[in-house]
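Good morning, and thank you for making time on the agenda.

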Amino acid sequence: MATVDSRTAYWEQAREQGFDLSWLSKLQEHVAGEGVEEQSANDTGRVQGSIPRGDVARFGAYTFRTKSEVWAHNLSKLYDEFITRQWSSATDIPWETVQPLPDDIEAAQCQLATFFTQVEFVASDVPGRFISTMSPDYQEVRLALLAQVMDESRHLDVFRKRALVNGGGLMRMTDSVSDVVGGSTDNAREFTEFSSRLHITGEGNVLTLFRLGEMMAYNEAEKAIYRRCAQDEARHVAIGVLHLRYMNEFSPERREEIHGYLDEGESRQATGAGGENPAGQNQLTSSALAMLLGGGKDKMDEGQKILMAIRQRQTKEYFQRLKSAGFDDRIHNGRVSPVLLEQYKAAA
Amino acid sequence: MALDEEQAHQTDEAEGDPAKSPETPVAPNPDRLAWMNDTLEWGIRAQPGKRGLTMRDLNIGSYGEVPESSSDMSRRPRGAFPISGVPRTDLYALSARVDLWADNAVDLYEEAIQRRWMGHLEIAWDEITPQPYEVELAMRQLCTELAQQASIETDLIGQWLHKMNYAYHEVKTFLASEIFDSGRHYTVFRNRALHNDGSLGLESAAQFNRRMMETRPGWTEVAMFLYLVRGPLTLLLYRCGEAYARNRADKFLFRKCLEDKARHMAYGMAHVKYAVENQPEGFGQGLGNLMRGVERDLVRDLKDPVLWEALAIIIGGSVDNIAQGMAVVEDVKQRYIEDYLRRMQWAGVNKTEDNLSPDLAAFLRREETAPAGD
């Protein structure tokens with residue numbers, strides 16, 4: 001092994017031969033930094049912790065360059081879970097178990113699958129847009145979001161497959177996912193606003209539904225789809241809960257603003273407006289769900305009752321997320337939507 | 001009419017004002033079930049094949065008809081029953097097939113999923129023991145460069161993905177898999193640099209990163225830069241990393257990234273070729289002309305010593321042997337330029353040695369000295 005003296009000598013020889021090697025000295029002196037900067041001065045797309053050169057043109061123009069705007073604890077662990085729990089819609093779903101179903105059940109399943117095919121990529125396009133506007137110094141957040149983009153693509157894919165595998169096909173497109181009321185995920189320009197809408201409200205509701213997938217499934221393939229999608233959605237919801245928890249702890253001055261986002265989300269959840277919640281009232285999908293839950297077109301009354309219980313459970317789980325994130329004061333101080341509060345009490 | 005039914009449905013519900021009244025089960029309304037007839041192709045069945053039920057298996061009947069352009073600015077899945085009166089969700093700038101399509105995207109998406117791997121579990125990190133001091137520093141520099149290349153790839157795709165129309169979901173889902181790969185590449189290279197109590201090296205020279213990020217005319221131009229210009233270089237660096245790895249873990253890491261990158265380039269090359277063949281005559285000529293300025297950026301990056309000296313130390317095994325290592329590096333650069341020309345020509349872009357920047361052409365006019373690890 002070379003000693004420091006001999007190393008110095010042949011580094012010098014190399015320089016005499018025309019090699020630069022100044023970078024090698026810089027690396028030698030560089031030690032890994034601790035933690036993530038509160039403010040990011042990274043305008044060149046460099047890797048967090050790498051050595052800035054000083055002569056690189058600034059092209060980053062990242063909108064999000066403050067840690068408190070985007071951060072959440074434990075995202076690295078969550079990202080590892082994203083990596084570990086990937087699955088294949090082609091081979092991990094037992095498609096052979098899908099057998100011909102009565103037309104009404106098949107149509108209902110396909111209508112629901114059409115809805116998910118349409119909306120799942122909302123949760124792909126929008127995070128994608130945020131990734132490229134966020135400083136690479138906050139790479140943990142970017143990684144969690146890009147992993148979500150992958151998951152949502154697979155969801156689009158698996159529900160399209162379900163629609164086409166058993167003779168039904170894609171059904172009517174959904175028109176209510178557009179911005180008929182305020183507070184749409186698509187329109188969010190601020191990260192916390194976006195995350196509260198997408199992760200806390202929108203995907204939270206879908207997560208409850210996927211968790212109850214056994215009730216809507218008519219074969220092992222459908223059970224597997226809902227079970228695997230529920231695992232994925234739980235990670236997406238976790239991004240939002242972890243972020244809100246961080247905001248509650250480190251940006252308390254923004255609590256009132258965040259409550260405003262939650263007001264909007266609750267309004268959408270209570271009325272079904274906005275259409276992200278397939279179990280919501282006024283939804284094309286709610287009659288399809290009632291058919292699946294009841295067991296057919298002629299048993300939709302029974303299905304509606306189950307659907308009502310599902311909405312109550314959605315609210316219960318939403319309240320749990322508020323509590324986990326530290327925003328449950330709204331449940332007790334009269335700010336929470338009265339409709340949701342009523343559902344919560346009914347579920348208790 | 002589906003629209004009338006939808007409006008009637010909404011009016012009925014509004015009268016109940018569910019926001020203010022307790023929920024009660026709603027009796028089935030025959031009109032509310034009109035959606036049960038709203039399908040364009042009832043009775044069609046996608047059949048799983050040897051590789052399971054793939055996305056390509058779904059492209060049957062009207063579901064497989066990929067439009068030349070789409071004016072649909074909602075998120076209507078291709079083949080779903082359309083209804084009128086839906087407000088636009090977004091303005092999808094890439095709404096023509098020629099702007100993003102590649103026939104192989106649908107298969108590459110499934111391949112990406114089948115060949116997924118886990119850097120934190122599958123790489124035997126404990127086998128990466130400290131290497132000779134200078135090699136370890138050089139390895140950190142190489143890995144910093146590669147992590148930044150991956151991060152820029154994430155930014156680039158993130159910038160364009162949401163502009164792509166839903167009629168082309170095969171491409172959107174493939175690019176989602178690529179952005180996921182780029183995140184994994186970033187992570188493994190950053191972790192490799194930091195392994196053994198390491199630290200990161202200098203940021204990239206970045207002229208070409210800047211060029212890619214600032215490109216606005218279209219995804220095809222970005223694709224040419226990302227897959228035909230940057231891609232061959234990344235591939236060669238991965239190959240060198242694998243060929244000169246000093247342990248199984250490093251070898252595995254570079255090989256897996258190489259497999260991913262080859263898949264990305266398969267899409268990119270196919271897309272650029274498709275665009276050149278289907279855009280108006282002269283498009284390939286235009287892409288070639290665009291490269292005149294871009295090649296100046298390439299030259300600047302190729303002359304920056306940091307990455308290349310690091311690679312020379314890894315190949316030579318020490319600073320003492322850097323000259324020998326650099327001889328191989330010069331071969332790598334030559335191969336890079338040759339590969340760049342070959343791929344551009346394959347895709348139909350007017351790029352030959354005759355119209356190559358003289359500074360880049362200089363890399364071609366030398367005698368090869370050693371194999372570059374493939």
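**Confidence, architecture and selected details**

Among the elements of chain A, the lowest mean pLDDT, 83, belongs to helix 1 (residues 4–16), and the highest, 98, belongs to helix 10 of chain A. Please keep in mind that this is a predicted model. For chain A as a whole, the mean pLDDT is 92, and 96% of the residues reach 70 or more. For chain B the mean is 90, with 90% of the residues at 70 or more. One stretch of chain B calls for caution: over residues 1–29 the pLDDT stays under 50, and the model has 36 contacts beyond four places in sequence for that stretch. The model as a whole scores ipTM 0.95 and pTM 0.93.

Let me turn to the architecture. Chain A contains 15 helices and zero strands. Its C-alpha atoms fill a box of roughly 90 × 50 × 30 Å along the principal axes. Of the 348 residues in chain A, 57% are buried. If we take contacts in chain A between residues at least 6 apart in sequence, 76% of them join residues at least 24 apart.

Chain B has 12 helices, again with zero strands. Of its 374 residues, 53% count as buried. For contacts in chain B between residues at least 6 apart in sequence, the share joining residues at least 24 apart is 76%.

How do the two chains meet? On the chain B side, 99 residues are in contact with 91 residues of chain A. Several helices of chain B give two or more residues to this side, among them helix 1 (2–16), helix 5 (169–194) and helix 11 (322–347). Which helix of chain B gives the most to the side that touches chain A? That is helix 4 of chain B, with 14 residues. By class, the side of chain B that touches chain A comprises 49 nonpolar, 26 polar and 24 charged residues.

I now come to helix 8 of chain A, which spans residues 191–211 and has a kink of about 40° centred on A:Glu203. Is this helix mostly covered or mostly open? It is mostly covered, with 19 of its 21 residues buried.

One partner of helix 8 of chain A is helix 10 of chain A, residues 220–250; the two pack at an angle of about 150°, with their axes 8 Å apart. The crossing of these two helices is left-handed.

Two backbone angles deserve attention next. Most residues other than glycine have a negative phi. A:Ala61, however, has a positive phi of about 45°. This alanine sits in the loop between helix 2 (22–29) and helix 3 (67–70) of chain A. Is A:Ala61 buried or exposed? A:Ala61 counts as exposed because it has 10 C-beta neighbours inside 10 Å.

The second case is B:Ala206, where phi is near 75°, again a positive value in a residue other than glycine. B:Ala206 lies in the loop between helix 5 and helix 6 of chain B. Its surroundings are another matter: B:Ala206 has 26 C-beta neighbours inside 10 Å and therefore counts as buried.

Finally, a glycine. A:Gly296 is found in the loop between helix 12 (284–294) and helix 13 (300–325) of chain A. Why does A:Gly296 count as partly exposed? The reason is its 15 C-beta neighbours inside 10 Å, a count that lies between the limits of 12 or fewer for exposed and 20 or more for buried. Leaving aside neighbours within four places in sequence, A:Gly296 is in contact with A:Pro102, A:Asp104, A:Ile105 and A:Met291. By contrast, the C-alpha atoms of A:Gly296 and A:His73, 223 residues apart along the chain, are separated by 45 Å.

That brings me to the end, and I welcome your questions.

Notes:
Residues numbered from 1 in each chain as written. Chains lettered and ligands numbered in written order. Predicted model: local features only at pLDDT ≥ 70, side-chain atom pairs only at ≥ 80, totals over all residues. Bend = angle between axes of the 7 residues up to and from the residue. Helix = DSSP H or I, 4+ residues; strand = E, 2+ residues; numbered from the N terminus. Contact = placed C-beta atoms within 7 Å. Nonpolar A, V, L, I, M, F, W, Y, C, P; charged D, E, K, R; others polar. Axes fitted to C-alpha atoms, helices over the stretch in contact; angles between N-to-C directions. Left-handed = near helix turned anticlockwise from the far one by under 90°. pLDDT = per-residue confidence, 0-100.
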